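Q: I am new to this structure and would like to know what stands behind the words used to describe it. Please take the terms one by one.

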Amino acid sequence: QVQVVESGGGLVQAGGSLRLSCAASGNIFRINGMDWYRQAPGKQRELVAAITSGGSTNYADSVKGRFTISRDNAKNTVYLQMNSLKPEDTAVYYCNALVVLTTLSEYSYWGQGTQVTVSS
């Protein structure tokens with residue numbers, strides 16, 4: 001079994017910064033993609049940033065130039081550095097990991113989410 005746990009959310013003023021972390025643990029052979037999503041009240045969950053095992057990244061247009069995704073493959077951990085935060089960034093942020101288990105089967109795992117609130 002695999003667990004995915006996010007941390008680092010909180011309350012910050014507009015213009016401030018936060019760093020989210022997401023660590024995966026369990027019967028992991030390899031982790032392919034690791035992504036950050038967010039869901040604001042009354043809205044659909046949306047992809048914020050994605051990173052492949054090789055380090056290629058992709059960002060939503062709304063966060064380009066402000067957010068940076070990175071990962072530490074040795075620690076099975078992905079990070080999201082969020083700068084110049086805006087009130088519209090307020091949401092629950094979720095981590096998703098595409099995990100290859102020791103059985104060589106591949107599954108998608110979600111974390112429980114971490115709240116980010118940006119005050120104006």
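This is a predicted model: local features need pLDDT of at least 70, side-chain atom pairs count only at pLDDT 80 or more; totals for chains, interfaces and linings use all residues.

The questions below go from the model as a whole to single residues.

Q: What makes up the pattern of the protein along the sequence?
A: Helices (H or I, at least four residues) and strands (E, at least two) are DSSP runs, numbered from the N terminus. By that definition the protein has zero helices and 11 strands, and its pattern reads β-β-β-β-β-β-β-β-β-β-β.

Q: Why is the protein called as compact as a globular protein of that length?
A: The radius of gyration is taken over C-alpha atoms, and the globule rule is 2.2 Å times the number of residues to the power 0.38. For 120 residues the rule gives 14 Å, and the radius of gyration of the protein is 14 Å, close to that value, so the protein is as compact as a globular protein of that length. Along the principal axes, the C-alpha atoms fill a box of roughly 50 × 25 × 20 Å.

Q: Why is the link of Cys22 and Cys95 called a disulfide?
A: The term stands for a pair of cysteine sulfur atoms within 2.5 Å. The S to S distance of Cys22 and Cys95 is 2.1 Å, so the pair meets the definition. The structure holds one disulfide, and with -75 degrees about the S-S bond this link is left-handed. Cys22 lies in strand E3 (residues 18-26) and Cys95 in strand E9 (residues 91-101), so the pair ties together parts that are 73 residues apart in sequence.

Q: Why does Asn96 count as buried?
A: Buried means under 20% relative accessible area, exposed over 50%, and partly exposed in between (1.4 Å probe, protein chains only). Asn96, which is found in strand E9, has 6% relative accessibility and therefore counts as buried. Cys22 and Cys95 are buried as well, and of the 120 residues of the protein 42% count as buried.

Q: Which residues does Asn96 touch, not counting residues up to four places away in sequence?
A: Contact means heavy atoms within 4.5 Å. With those residues left out, Asn96 touches Gly33, Met34, Asp35, Tyr37, Ser108, Tyr109 and Trp110.

Q: Why does Asn27 count as partly exposed?
A: Asn27 has its place in the loop between E3 and strand E4 (28-39), and its relative accessibility is 42%, so Asn27 counts as partly exposed. Leaving aside neighbours within four places in sequence, Asn27 is in contact with Gln1, Val2, Val100, Leu101 and Thr102.

Q: What makes the phi of Asn76 worth a remark?
A: Asn76 has a positive phi of about 50 degrees although it is not a glycine. Asn76 lies in the loop between strand E7 (67-72) and strand E8 (77-82), and at 21% relative accessibility it counts as partly exposed.

Q: Where does Ser84 lie, and what is its phi?
A: Ser84 lies in the loop between E8 and E9. Ser84 has a positive phi of about 50 degrees although it is not a glycine, and with 40% relative accessibility Ser84 counts as partly exposed.

How values were computed: Residues are numbered from 1 along each chain as its sequence is written. Side-chain values use heavy atoms; hydrogens and water are left out.
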